[in-house]
Amino acid sequence: MFSSGNITIYVSNMEAAIRFYSEVLGLKLAYRFGDQWASVELGKGLTIGLHPASAQMPAGRKGSMAIGLELSGSIDDAVRRLESKGVKFHGPINRDKSGAFAGFEDPDGNQLYLAELNWSHVEQGEGRYQQV
């Protein structure tokens, strides 16, 4: 059902965050969409997504990270499958030009989300796209 995933960290300053994760920690900057998103990778299988903080998701607080689970199939199918196992989603699936997303929590209240990405949009590279 899942093809990969990422840990999303809500940051107050994208430039500072990218410098820290790529230069200080030595992770690979995989790509960047201006100040809207950047992905840094640690070896095989772990991607950390950097996303601007907001009033709903402030930086540097408990709950300021969400685990993103990228889907290999339909988000509608995945939501139905997980709901049948007792997962409660935070409202309807959120769909926009970058894809479809559905948020939920683990038993301890940690935030997770499903992501069915629109790769044709992602590969267009809005903003400043870098393929390093």
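**Figure 1. The order of elements along the chain.** From the N terminus on, the elements of this protein run β-α-β-β-β-β-α-β-β-β-α. Counted up, that makes three helices and eight strands. Please keep in mind that this is a predicted model. Of the 132 residues in the protein, 36% are buried. The contacts tell us how the chain folds back on itself: among those between residues at least 6 apart in sequence, 55% join residues at least 24 apart.

Figure 2. In what order do the strands of the open sheet lie? There are eight of them, and the order is β2-β3-β4-β1-β5-β8-β7-β6, with mixed pairing. Strands β2 (28-33) and β6 stand at the edges with a single partner strand each, so one side of each is left without a neighbour in the sheet. If you follow the sheet from strand to strand, neighbours are turned by 25° against each other on average, direction ignored. As a reminder from class, strands of a sheet pair through backbone hydrogen bonds, either parallel or antiparallel.

**Figure 3. Where β1 meets β5.** Strand β1 (residues 2-11) and strand β5 run antiparallel, and seven bridges join them. To find your way in this view, look for Ile7, which stands opposite Ile67 in β5.

**Figure 4. The buried side of helix α2.** Which residues of helix α2 (residues 75-83) are buried? They are Ile75, Ala78, Val79 and Leu82. These residues cover an arc of only 100° around the axis, which puts them on the same side of α2. The strands they pack against are β5 (65-71), β6 (94-96), β7 (99-105) and β8 (111-117). Now move to the start of α2: there, a side-chain oxygen of Ser74 reaches to within 3.1 Å of the backbone nitrogen of Asp76.

Figure 5. Strands β6 and β7 form a hairpin with two residues between them. They pair in the antiparallel sense over three bridges, and Asn94 has Phe101 in β7 as its bridge partner.

**Figure 6. An aromatic pair, Phe20 and Tyr21.** A search of the whole structure finds four aromatic pairs. One of them is formed by Phe20 and Tyr21 and is edge-to-face, with 5.1 Å centre to centre and 90° between the planes. Why give two values? A pair of aromatic rings is described by the distance of the centres and the angle of the planes. Are the two partners buried or exposed? Phe20 is partly exposed, with a relative accessible area of 36%, whereas Tyr21 is buried, at 15%.

**Figure 7. Ser22 in helix α1.** You will find Ser22 in helix α1 (residues 14-24). Which backbone oxygen lies 2.6 Å from a polar atom of the Ser22 side chain? It belongs to Ile18. Ser22 and Glu41 are 19 residues apart along the chain, and their C-alpha atoms are separated by 8.9 Å.

**Figure 8. Ser39 in strand β3.** Our last stop is Ser39, which sits in strand β3 (residues 37-42). Ser39 is buried, with a relative accessible area of 1%. Its side chain is joined to that of Trp37 by a polar contact of 2.8 Å. What else does Ser39 touch, leaving aside its neighbours within four places in sequence? Ser39 is in contact with Lys28, Leu29, Ala30, Tyr31, Thr47, Ile48 and Gly49.

Methods:
Residues are numbered from 1 along each chain as its sequence is written. This is a predicted model: local features need pLDDT of at least 70, side-chain atom pairs count only at pLDDT 80 or more; totals for chains, interfaces and linings use all residues. Side-chain values use heavy atoms; hydrogens and water are left out. Rings of Phe, Tyr and Trp (its six-membered ring) pair if their centres lie within 6.5 Å; planes under 30 degrees apart count as stacked, over 60 as edge-to-face and the rest as tilted. Buried means under 20% relative accessible area, exposed over 50%, partly exposed in between (1.4 Å probe, protein chains only). Helices (H or I, at least four residues) and strands (E, at least two) are DSSP runs, numbered from the N terminus. A polar contact is a pair of N or O atoms within 3.5 Å; within protein, one must be able to donate a hydrogen and the other to accept it, and residues adjacent in sequence count only if both atoms are side-chain atoms. Contact means heavy atoms within 4.5 Å. The arc is that of the directions from the helix axis to the C-beta atoms. Two strands pair if DSSP finds at least two bridges between them. Axes are lines fitted to C-alpha atoms, for helices over the stretch in contact, and angles run from 0 to 180 degrees between N-to-C directions.
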